[in-house]
Amino acid sequence: MESESGAAELGRWLETALKNRRGANVVFDILGVLQADQEDDILNAIHTCSRLFGALLERGELFVGHLPEEEATMAGSGGALRKYKVWMRHRYNSCCNRLAELLGHRSFKIKELALCTLMKFVQLEGAHPLEKSKWDGNYLFPRGLLLCVVEGLIPTEADSSLLISRFQEYLEHDDVRYHTMQATVDLVARVTDTHQQGVPPMFWNNTFTLISAVSLPRQQSDISNFYVKHKEMLEKWKVTQLKEHKHVFEKMWFSFLKHKLPVSLYKKVLVIMHDSILPHMSQPSLMIDFLTSAYDIGGAISLLALNGLFILIHQHNLEYPEFYRKLYSLLDPSVFHVKYRARFFHLADLFLSSSHLPAYLVAAFAKRLSRLSLTAPPEALLMVIPFICNLLRRHPACKALIHRPRGSSLTTDPYNMEEEDPAKSHALESCLWELKTLQRHYHPEVAKAAMAINQALSPHEVSIAQLLELSPYEIFEKDFKKEESGPVPLEFIQPQGLLGRRGDLCVEHFALD
């Protein structure tokens, strides 16, 4: 239908449906437009349904309680008003089902309007429940309708990140957030049960986008913003208790993380874990299984997993004796070339900052980094050498590594580079001859940095923050912009000939002045 004439026709149907119950059959025509192909027709129909069923909910003209079969009710002996309410309740359900389908429409305008209309119905159903209260003070919330919304937000095939970003404003309400977390747990269980051969990666991506948008309040007094208004919010209702929110939050994340996820998601989860997940959990130590499995993936994910374990160790008293051994195993030649190098050394500096670490452990890290530095690029060396020196400053017992005269060659070095356990590497019996070697590096800045061990190390650590992301281009630019200190000496003995013997071709006129 034409958009203008169609909107006018829908307006007349709406007026007829609301004015007289005898004209209720026009609701079929309104719902029929929801099935249209044209975007404008669908948008107009959604607006009309919003006004129609919003008014019917407020007027109490929908059947309340367990909904009976439509055909049996129409053929029964019940009153006309009851039949009308049952019939209209079925039409309302049909409308909600169609709006849930439109959450997957190709047009974002339609998806957005369908979402907003469904959430309007959630609010109205909460204020005018369609189910009977079982006892006085019973908490009622349209969980089934919200479940349909959540199901539309995390489809298995299409990316719905844009629609979820629109849904975030509703997550600011405590009751919507609480029941969304519950619905997500139920939906993840249902999808994993129906996809025995493997859940599509898009479903996991959409689920992460939704649950990562959930942010819990910090204290009990912050729970006061409810989407569905009640005359009185009773303290016995779970939705009003922060500890219950934390319990559902924890359950939601565990239901997600216990499954095999796409590798790309591990990194996304680990990046937000210390700020957005662990602080809201009542038992953060239960995350150890996920973190250890994430470590086995390798690369940046292993590093981020160690960061999560480090937080559990220091803030939640987790005992994990394998932590530093796993960190030690991440030190290989590639660590100087990967794109997450800056983050790696920032976290490694944090992990090794305690002065209570045993000397043999710190010595093993210092020695391994020194050995790897022999093949590292200059931009990495300008950061690694101060890093090693800072380790020596924190642990004076390790200064023997730069004062020991013997064991100063690769053949006589007692250090075992192949040993995975730092306690058995014999690093403390060795010395940092590699730094002495770097004093003859071709780059003068590297050689200058390595000469720091020739003198007593100052007690103050050197900040490596500005060196973590140093690039070859920055080094070149710095060298290029250096001011000349004077003329460059090219030759101080004038040549007597091209070949240096009498009788040979003489090129004295090319001699330098």
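Entry 1. I looked up the crossing of two helices and found that H10 passes H11 in a left-handed crossing (the near helix is turned anticlockwise from the far one by less than a right angle). The model is predicted, with local features needing pLDDT of at least 70 and side-chain atom pairs pLDDT 80 or more, while totals for chains, interfaces and linings use all residues. Residues are numbered from 1 along each chain as its sequence is written, and side-chain values use heavy atoms, without hydrogens and water.

Entry 2. I noted that H10 spans residues 201–211 and H11 residues 242–257, with an angle of about 160° and axes 11 Å apart. H10 is therefore roughly antiparallel to H11 (an angle over 145 degrees).

Entry 3. I listed the residues in contact (heavy atoms within 4.5 Å): Trp204, Thr207, Phe208 and Ile211 of H10 meet Met252, Trp253 and Phe256 of H11. By class, this contact of H10 with H11 holds six nonpolar residues, one polar and no charged.

Entry 4. I searched the whole structure for cavities of 30 Å³ or more and found one (on a 1 Å grid, a set of points where a 1.4 Å probe fits but cannot get out). The largest cavity has a volume of about 40 Å³.

Entry 5. Which residues line the largest cavity? I recorded Leu327, Leu331, Phe344, Phe345, Ala348, Leu352, Phe365, Leu369 and Phe387 (lining residues have an atom within 4 Å of a point). The lining comprises nine nonpolar residues, no polar and no charged. H16 (341–351) and H17 (359–372) each supply at least two of the lining residues, and the largest share, three residues, comes from H16.

Terms used
Axes are lines fitted to C-alpha atoms, for helices over the stretch in contact, and angles run from 0 to 180 degrees between N-to-C directions. Helices (H or I, at least four residues) and strands (E, at least two) are DSSP runs, numbered from the N terminus. Angles under 35 degrees count as roughly parallel, over 145 as roughly antiparallel, 65 to 115 as roughly perpendicular and the rest as oblique. Ala, Val, Leu, Ile, Met, Phe, Trp, Tyr, Cys and Pro count as nonpolar, Asp, Glu, Lys and Arg as charged, and the others, Gly among them, as polar. On a 1 Å grid over the protein atoms alone, a cavity is a set of points where a 1.4 Å probe fits but cannot get out, and a pocket is an open set with protein on both sides within 12 Å along at least five of seven lines; lining residues have an atom within 4 Å of a point. Grid points are joined across faces, edges and corners, and a volume is the space filled by probe spheres set on the points.
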